[in-house]
Amino acid sequence: MVKLVRPVLGIDLSSSPAETQDIRQDAASPLPPLGPRSRYRFVGSEAKDLSLPFVRRVKGRTYPHYWQPAEAENAFKASALGRQYAAHLAQLLKLNRQHAARGLLFRIACDMDFRDHSHRRSMCKSFFNYLEMLLSLGVAQIDLPRHVAAVQQLYLSLDELDALPRKLGRKKRR
């Protein structure tokens, strides 16, 4: 069973996550609009991942398959669907910043079949192209050298914190 994709244009941008929006089939679009803004607010990362329209469980696999897109009729519709999928991923990360940098995009890319030369190839290409557009918009707003140095310092600090119990444990034994 393939999940329906909900266009991101229908996202409710109100500040209240408790508000709901009717999910109705739009006559102009074959895809139903996206539900309430809170659609992508989850506690666990696996529940979050499974809410994406292209992620689902597959028989014989103990973890989700991260690229199970809907079938498209032609390359144009596949490209539009790829952009919609990228927008869903961006919305999920926008609403769940604590889940960023945890390898979700890597898992999606690993499950893509880049040898498939059907419409799915244009879907993958437009998925990444749209993410590149969003990345370029975000990068324009930050000082990259300073940000990279800060992230590097964060990871060095986390490594130091991880090693601290081992160091303290060695001192107690002496």
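**Note on a predicted all-helix model**

1. Among contacts in the protein between residues at least 6 apart in sequence, 61% join residues at least 24 apart. Contact here means heavy atoms within 4.5 Å.

2. Ground rules. This is a predicted model, where local features need pLDDT of at least 70, side-chain atom pairs count only at pLDDT 80 or more, and totals for chains, interfaces and linings use all residues. Residues are numbered from 1 along each chain as its sequence is written, and side-chain values use heavy atoms, with hydrogens and water left out.

3. Confidence. The mean pLDDT (the predictor's confidence in each residue, from 0 to 100) is 77, and 70% of residues reach 70 or more. Over residues 9-29 the pLDDT is below 50, yet this stretch has 33 contacts in the model beyond near neighbours in sequence. Where pLDDT is low, the predicted coordinates should not be read in detail.

4. Fold. The protein has 5 helices and 0 strands. From the N terminus on, the order is α-α-α-α-α. Helices (H or I, at least four residues) and strands (E, at least two) are DSSP runs, numbered from the N terminus.

5. Surface. The accessible surface is about 11900 Å², and carbon and sulfur atoms hold 59% of that. Areas come from the Shrake-Rupley method with a 1.4 Å probe; for residues, only the protein chains shown count as cover. Of the 174 residues, 31% are buried. Buried means under 20% relative accessible area, exposed over 50%, partly exposed in between (1.4 Å probe, protein chains only).

6. Core. The largest nonpolar core has 20 residues; Phe54, Trp67, Tyr85, Ile108 and Phe127 touch the most other members. H2, H3 and H4 each supply at least two residues of this core. H2 gives the most, with 6 residues. A nonpolar core is a set of buried Ala, Val, Leu, Ile, Met, Phe, Trp, Tyr and Cys residues joined through side-chain atoms within 4.5 Å. Ile108 touches Phe54, Tyr66, Trp67, Leu89 and Phe127, not counting residues up to four places away in sequence.

7. Helix H4. Its 21 residues (119-139) should span 30 Å at 1.5 Å a residue, and the end C-alpha atoms are 30 Å apart, which agrees. The expected span is 1.5 Å times one less than the number of residues. Buried in H4 are Ser122, Met123, Cys124, Ser126, Phe127 and Leu131. These buried residues pack against helix H2 (75-95) and helix H3 (104-111).

8. Ser79. This residue sits in helix H2. Ser79 is buried, with a relative accessible area of 16%. Ser79 touches Ser122 and Ser126, not counting residues up to four places away in sequence.
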